[in-house]
Amino acid sequence: MTVTEQSTDPAAREEIPSGVIWAIRDCWTEASRHLRALPRNPEVLAFSTIQPVMFVLLFAYVFGGAINVPGYDDYKQFLMPGIFAQTVLFGTSFTAVGLAEDLSKGIADRLRSLPMFGPAVLIGRTIYDTIRNLITFVVMLAVAFAIGFRFEGTLGEALAATLLLMSFAYAFTWVNAYLGVSVGSVEAANSASFIWIFPITFVSSAFVDPSSMPSWLEPIARNNPFTTATDAVRALYNGRPAGSDFWLVLAWSAGITLVFAFLASRKFTSSTR
Amino acid sequence: MAEGLSKRFGETEALVGVDFEIEKGKVLGLLGPNGAGKTTAVRILCTLLKPDSGRALIDGINVVAQPRRARARIGLTGQFAAVEERLTGFENLQHVGRLFHLPTSEARRRARELLERFDLVDSGDRVAKTYSGGMRRRLDIAMSLIGGPSVLFLDEPTTGLDPRSRVGMWDVIDELGRAGTTTLLTTQYLDEADRLADEIVVIDHGKVIARGTAEDLKRRVGGERVEVTLADPSDAGRVIELLAHRALGTGQAIPGTNVVTIPVEDLSGIVPAVVRDLDAGGVKVLDVGTRGATLDDVFFALTGRPAEDEDGDGDPQDGSGAEVPPTAAIYPAQAEARS
């Protein structure tokens, strides 16, 4: 069989422009697909905010009186940073669900057949989810302030803590991006992301001091990167030195981001499905 | 365009050396039942899947070697309307235009143009969630045209549409064909291929089993048909026997109905002759009629089963399965009743 459609047209169609600038533009185009939709679906923001607010109130008022933690007179000062960290991590499950939805609805196929930068679909989604996470965080912070939580340190330390939270969450957005493009359905993506987020956030220093746990569980909780992140964030919000934890959290975040961004992009752009 | 394409998924051979070519400005219909390999072929040509062997070319560009250049020349409308429900029709078009790296003003201009062309101007500013199935499909096709593709892929564009939207979609595709859009259309509906495609490639179990225009294919199985509707379907064998001397080839009993069709050369005087034959043979007949061959006949003649039958070898299992459960279910119930 011969090729009959060889472009003999002298005004052959110009090539699609590409390069780094276009790759970045594609990422933003994809992020804006989701961002544009955000104000139209206020329930998305409402549901991703109501649950953390409920957690803040429940833990502070229901368990607050019963739990004692060494080093903190007021449990709220101990608890809130833990809840912040847990909430932004829960927020990353939207990435898995959103990408699984794109895949199941055929939107991913359309995008993969376009002459765009393929991983932009994932990068755009992670940018969007991080922005949404930040909005949720601000609402939650307001509630925390309303019930008496305070920054004990400088504004710089509070900002550093927030940066840590967001970079840690960003890393886990990529773990969920990988899950989202790997599992077959939206429902599977939803459960697959919660299955590991639950133990990671609870077997940690987020709500209690790990030394109160059984001896077999304590080392797991202490070595959990989520504990490191919570400890660093908690220290900074309370104006205490975070020490090497600060850098350790950034290193964890960078490592997880790199590995999972690579895996997820390869999975998404490969032509094997 | 496609040359000896093969693809297997585990044990299943999805495509076995499939060849076809689309002439510029024409509509090629890729016709076959569910699971025949139509979508696999489309996915390979659209760079979504790598073939195990063979070549696929778009405008002379090898889709495996240069996927990005190939992607710049194709438009894909898949089996599900791939529209972003949370965005408006206009935004959906603009979004794809941007990803084609069109200048912003150009993307907007084309988006407006396409809304007009696909009769979506009034709903262009509504979010796609509110669209009907037919509107989504039209928007979906519009989105696949915004980059000005050399080849448009329409993978089962009317599957899941109600009959009215289906006819509307036919008009849309008809118009694309008249406008000279080179199109690969896959379908499992014979009437659809008959009506829309300039040329038809019939595939089954991953192999091309016939190709040509709808007319060519119909001619191949004999032009005319006598259709006998029986009072008792078990008479089918006798009818085929009784009419064998008039038939051009063998008659077929259409499974699941009480209709027998007999291909014949000449229709003149055939109906009274058939009635006489059957009357003499003592067969009770409800109706005798004639019609030209349809693509259904083509498919039946080529594969020995009707096109709608998705899975020819699934039936025996169903049959044996139906016998077992009742016995298994009845005994425990009786035992309980006695005790």
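The structure is a predicted model.

Chain B contains 12 helices and 14 strands. Of its 339 residues, 44% count as buried. Among the contacts in chain B with a separation of 6 or more, 67% are accounted for by residues 24 or more positions apart.

We begin with an open sheet of 6 strands in chain B. Its order is E6-E7-E8-E3-E9-E10, and its pairing is mixed. Strand E6 (74–77) and strand E10 (207–212) of chain B stand at the edges; each has a single partner strand, so one side of each is left without a neighbour in the sheet. On average, and with direction ignored, neighbouring strands of this sheet are turned by 15 degrees against each other. One point to locate in the model is B:Leu30, whose bridge partner in E9(B) is B:Val201. Helix H6 (residues 163–178) of chain B packs on the sheet and touches E3, strand E7 (151–155) and strand E8 (182–187) of chain B. The direction of H6 makes about 150 degrees with that of E8(B).

Chain B also has an open sheet of 4 strands, in the order E12-E13-E11-E14, with antiparallel pairing. Its edge strands are strand E12 (252–253) and E14 of chain B, each of which pairs on one side only. Strand E11 (residues 224–230) of chain B pairs with strand E13 (residues 259–264) of chain B in the antiparallel sense over 6 bridges, and the bridge partner of B:Val228 in E13(B) is B:Val260. Helix H10 (residues 270–281) of chain B packs on this sheet, touching E11, E13 and E14 of chain B. The direction of this helix makes about 145 degrees with that of E14(B). E11(B) also pairs with E14(B) in the antiparallel sense, over 7 bridges, and here B:Glu227 stands opposite B:Gly289. How many of the 8 residues of strand E14 (residues 285–292) of chain B are buried? The count is 0, and E14(B) is hardly covered.

Strand E4 (residues 53–58) and strand E5 (residues 61–62) of chain B run antiparallel and are joined by 2 bridges. B:Leu57 stands opposite B:Asn62 in E5(B). Between the strands of this hairpin there are 2 residues, and B:Asp59 takes a positive phi near 55 degrees.

We turn next to a helix of chain B. Helix H4 (residues 104–117) has 14 residues, which at 1.5 Å a residue should span 20 Å; the end C-alpha atoms are 20 Å apart, which agrees. The buried residues of H4(B) are B:Ala107, B:Arg110, B:Ala111, B:Leu114 and B:Leu115. Seen down the axis of H4(B), these buried residues fall within an arc of 140 degrees, so they line one face of the helix. They pack against helix H3 (89–99) and helix H5 (133–145) of chain B. On the other side of H4(B), by contrast, B:Ser105, B:Glu106 and B:Glu116 are exposed. Just after H4(B), B:Asp119 takes a positive phi of about 60 degrees.

The meeting of the chains can now be considered. In total, 33 residues of chain B are in contact with 29 residues of chain A. Helix H2 (67–71), E6 and H3 of chain B each supply at least two residues of the side of chain B that touches chain A. H3(B) gives the most to that side, with 5 residues.

Which residues touch the most other members of the largest nonpolar core? Among its 139 residues, they are A:Val233 and B:Phe153. Helix H7 (residues 155–182) of chain A gives the most to this core, with 14 residues. Not counting residues up to four places away in sequence, A:Val233 touches A:Pro81, A:Phe84, A:Ala85, A:Ala161, A:Leu164 and A:Leu165. A second, separate core has 12 residues, including B:Val228, B:Val260, B:Ile262 and B:Leu278.

Technical notes:
Residues are numbered from 1 along each chain as its sequence is written. Chains are lettered from A and ligands numbered from 1 in the order in which they are written. This is a predicted model: local features need pLDDT of at least 70, side-chain atom pairs count only at pLDDT 80 or more; totals for chains, interfaces and linings use all residues. A residue is buried if 20 or more other C-beta atoms lie within 10 Å of its own, exposed if 12 or fewer, and partly exposed in between; C-beta atoms are placed from the backbone. Two residues are in contact if their C-beta atoms, placed from the backbone, lie within 7 Å. Two strands pair if DSSP finds at least two bridges between them. Axes are lines fitted to C-alpha atoms, for helices over the stretch in contact, and angles run from 0 to 180 degrees between N-to-C directions. The expected span of a helix is 1.5 Å times one less than its number of residues. The arc is that of the directions from the helix axis to the C-beta atoms. A nonpolar core is a set of buried Ala, Val, Leu, Ile, Met, Phe, Trp, Tyr and Cys residues joined through C-beta atoms within 7 Å.
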